[in-house]
Amino acid sequence: MTDQGFRMPEMPDFPLNDPPAPEPPVPPAAPPVSQPPQMQQPVTQIPEIPRIQPIPPVQPIPPVQSVQPVQPDQSVQPIPPVQPVQPVQSVQSVQSDQPVQPVSQGASASPDTPTQINPAGIPATPIPPVQPRPVYPQNPYAGPAQQAMPQPPFRQPVPPPRNTVPPVPRTYDDFSPDTKRILALPPITTREAESCRHRLENRWYRRLILLNVFLIMLTIALVATSMDDYRKQVANLTASVLADAAHGSDDEDDDYEETSRADYEEFAEDLPLGFQMLGYGIALMTIGYIALYYLNAQVRAQSIKITENSFPELHALIRSYASRLGVPIPDAYIVNESGVLNAFSAFLYRRQYIQINSEIVEVAYREHKDMNALAFVIAHEMAHIYYGHATLHYNVWIWFSTRLPLFSQIASRTREYSCDRLAQRLTNYDGLGAMLMLIADRHLYHMVDVQDYLNGAARETGFFIWLVNLFSDHPIMTKRIRALADWNGHGELY
Ligand SMILES: [Zn+2]
């Protein structure tokens, strides 16, 4: 319909010498071009498109070099008021009758030509500029138009940075100067090692043993005094079960099972306290002992064992400590604990082992090449082994008393002071860097002003500081670091 008016001036192929052809009759029903479509004309008149004059062949359009963004000031005429959109039903019919030009050809029209779509001059929202799509180099899916576009220079992939881990020191000559200094230290006599103990450690160990014995004796006494009650309860339960059994044998009543279960539950709830404590203690020891092996298996299954070939420098340190203290060389493992800076020593039936978290090892080999801090941490764990803190016979005597709060934590703090002091003797190093590393993490501890920290730590007092320290397994850092700075193994317990 309206296309007919546009196409008429574009037919340049008429011969000029031919007699003028009569003007084609204009269908009277065609509305003027400038008039908007009428409401009463349904979309179903689209099949009239075949009446359009044949379109001359269009010259092939060169590939699009770049899509010019449509400038809002280039007077894109407002779009005429759009009639209510009808469901698209005749698109297929249009394509079947007349080849539809690709959209890209329409987009290549000169933007200078104002669009004659809306002669009514109704303002419309400006069309945002079209952002060119990014073209990636060597895109195998790019079309011809994109292939013709200027390609950015191909960038060579940047190789990953080379591993900055220094080569593992294999021989003594490769060891760090701090390691060589520690390895050259003389042996420690038993008297010297004992002098490093906190003066209250043995006293608190004996108190824990007494407390442990008291708990066991209390359990036995409670069991003995409640034996009569226990016998009465067993007799009642037996009578009840027999009665229920007799009742249940007559008729298979469902109440039989319910009654027996209720009797048993009542019996278990009314069990004398002594029996309950006895059962709890036996279960605690059994589970605890099994857990030791389970924990050790976990470590062995997911760790790197320190050997003469893997981390020989650390193995040399452990061997040196064991030799100077006169104890067997314990197994030592490096475990990834997701950034937790820690180490501990543990025991099995007749063996001890040390677990060192990998982050501390990285401090020695990657962050600050601080072998002193790592050597101090290992020496602290070796001190636990030397003093017997990580043995079965040491712990079995205090098995139950260490489950009580407060007492076990005070005793634990004395052990930590002892091991810190012996680690200082083993390394001839104050250990402040190792402690600050536990506080400020592996990156920042070297930035701490030690004297400023000590001055501030001396002022950290008060009831709540005292309370925090009271319920801690380890001395709070302010007290522990001050004891290390003073090379004093008798730090404040409270
Ligand atoms: Zn410790």
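The model is predicted, with local features needing pLDDT of at least 70 and side-chain atom pairs counting only at pLDDT 80 or more, while totals for chains, interfaces and linings use all residues. Residues are numbered from 1 along each chain as its sequence is written.

I noted that 17 of the 17 residues of α13 are buried (20 or more other C-beta atoms, placed from the backbone, within 10 Å of a residue's own; exposed is 12 or fewer, partly exposed in between). After α13 comes Gly388, with a positive phi near 85 degrees.

I then turned to Leu200, in the loop between α6 (190-195) and α7 (201-225). Leu200 is partly exposed, because 17 other C-beta atoms lie within 10 Å. Its C-alpha is 6.5 Å from that of Thr414, 214 residues apart along the chain.

Last, I checked α7 against helix α15 (residues 407-427), which pack at an angle of about 150 degrees with axes 9 Å apart (axes are lines fitted to C-alpha atoms over the stretch in contact, and angles run from 0 to 180 degrees between N-to-C directions). The two helices, α7 and α15, are therefore roughly antiparallel, a term for angles over 145 degrees.

Conventions. Helices (H or I, at least four residues) and strands (E, at least two) are DSSP runs, numbered from the N terminus. Angles under 35 degrees count as roughly parallel, over 145 as roughly antiparallel, 65 to 115 as roughly perpendicular and the rest as oblique.
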